[in-house]
Amino acid sequence: MKTGWVGMMFDNPALGRRVGVVILIRRGVELQVQKVFQDTEGRYLFLKGTLEGAELVLGMVYGPHVWDASFTARIRRVVQSFGTMPVLIGGDFNAVMDPKLDRSRAGVGWGSGDRSLPSFCNACGLLDVWRSLHPGECNYSHLLRAHTTLSRIDYLLASPELFSRIITCSIAPIQVSDHAWVEFGLQVGCSRLGRGPWRFPRDLLEDSKYEAFIKQHWQWYSQVNRAHLNSPILYWEAAKVVLRGATIAYSAHKRKARDAQILHLERLVKLQRGHLARTPDVETKTKYLTMQAELNTLIHQRQVKSHRYYQLQLFRRE
């Protein structure tokens, strides 16, 4: 495969068969591979090494259409052989985690290979990245055109310790192929790949609306993931990602609302200023000063937040 952005390619094709897996590494990404693990059927490929200076195992899996217990056992043994190294696996597993959430047709129960996928994740200590960030949501990555059935059979599975560095995860629309790609952002290694570790916005500590907002999300998360309380580490690592995502969304909404209000007030202040020039009475002046004070408060809040941000950037550089 030759294209401008690919710096390294690792593949495991199966001769004479319509299967195979590949891992592409973008140019400029520092990857040092210590060992490659693959089978002879083109079903899986694992790279053990360092990515931007951080130890990591990258894997790609293409599960069989008909459930094969020996296949699940083989990849489980490979993953467990990595010990405590963080693992990130992507691929088409041809199975679902939960038939109720991951299939569009109502009444469809567990398939032949469905039960093996949750068992594999539990045995290897892996979490479904998209589901952890979108609990209770229905979205699909595969379209079976013959029966117009949608399912989520393409997954990104990750070790819990990677969740503190996961930024986002989404499923793209199904377009040319019968599959949609699943993409996510991960901060690894040194800070030049991203903005560094996420930090909680201090201004939210004094926001009573945020307190009610995050309590509501915590209650929702606790109810949806009640079945996982027996695994406190997985439960808490996934919770941190969900709550962080909710906090980022709240902050973004708050910032957009504030910026929109500033623009609105700027227009009103300009109009009121013209009205005051034409009618310089006490009522018009009071209204103008009230609008101007409200506008000044919002601009001050925005500048304080920007000042804190640049202070943090200078602190990191020093």
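Predicted model: local features only at pLDDT ≥ 70, side-chain atom pairs only at ≥ 80, totals over all residues.
**Ground rules.** I kept to the model's own limits: local features need pLDDT of at least 70, side-chain atom pairs count only at pLDDT 80 or more, and totals for chains, interfaces and linings use all residues. Numbering starts from 1 along each chain as its sequence is written, and side-chain values use heavy atoms, with hydrogens and water left out. Helix and strand labels are DSSP runs numbered from the N terminus (helices are H or I with at least four residues, strands are E with at least two).

**Helix H5.** I started with H5, residues 208-224. Its 17 residues reach 25 Å from the first C-alpha to the last, close to the 24 Å expected at 1.5 Å a residue. That expected span is 1.5 Å times one less than the number of residues.

Which residues of H5 are buried? I found Tyr210, Ile214 and Tyr221. They sit on the same side of H5, because they cover an arc of only 30° around the axis; the arc is taken from the directions from the helix axis to the C-beta atoms. For burial I used relative accessible area: buried is under 20%, exposed is over 50%, and partly exposed is in between (1.4 Å probe, protein chains only). On the other side of H5 I noted Ser208, Lys209, Gln216 and Gln223 as exposed.

I also looked at the start of H5. There, a side-chain oxygen of Asp207 comes to within 3.0 Å of the backbone nitrogen of Lys209.

**H1 against H3.** How do the axes of H1 and H3 cross? Helix H1 (residues 69-80) and helix H3 (residues 116-124) have axes that come within 10 Å and cross at roughly 20°. I call H1 and H3 roughly parallel therefore, the cut-off being angles under 35 degrees. The axes are lines fitted to C-alpha atoms over the stretch in contact, with angles running from 0 to 180 degrees between N-to-C directions. The H1 and H3 crossing is right-handed, meaning that the near helix is turned clockwise from the far one by less than a right angle.

Ser81 is in the loop between H1 and E6 and is partly exposed at 49% relative accessible area. Its side chain reaches the backbone oxygen of Val78 at 2.5 Å. I also checked Ser81 against Cys124: the two are 43 residues apart along the chain, and their C-alpha atoms are separated by 9.9 Å.

**Asp92.** Asp92 belongs to strand E6 (residues 87-92). Buried or exposed? Asp92 is buried, at 12% relative accessible area.

**Two positive phi values.** Glu52 is not a glycine, yet its phi is positive at about 55°. I placed Glu52 in the loop between strand E4 (44-51) and strand E5 (54-62), and Glu52 counts as buried at 5% relative accessibility. Asn94, also a residue other than glycine, has a positive phi near 55°. Asn94 lies in the loop between E6 and helix H2 (99-102) and counts as buried at 18% relative accessibility.

**Thr284.** Last, I went to helix H7 (residues 282-317), where Thr284 sits. Thr284 is buried at 7% relative accessibility. Its side chain makes a polar contact with the side chain of Asp281 at 2.5 Å. A polar contact here is a pair of N or O atoms within 3.5 Å; within protein, one must be able to donate a hydrogen and the other to accept it, and residues adjacent in sequence count only if both atoms are side-chain atoms.

Technical notes
Parallel < 35°, antiparallel > 145°, perpendicular 65-115°, else oblique.
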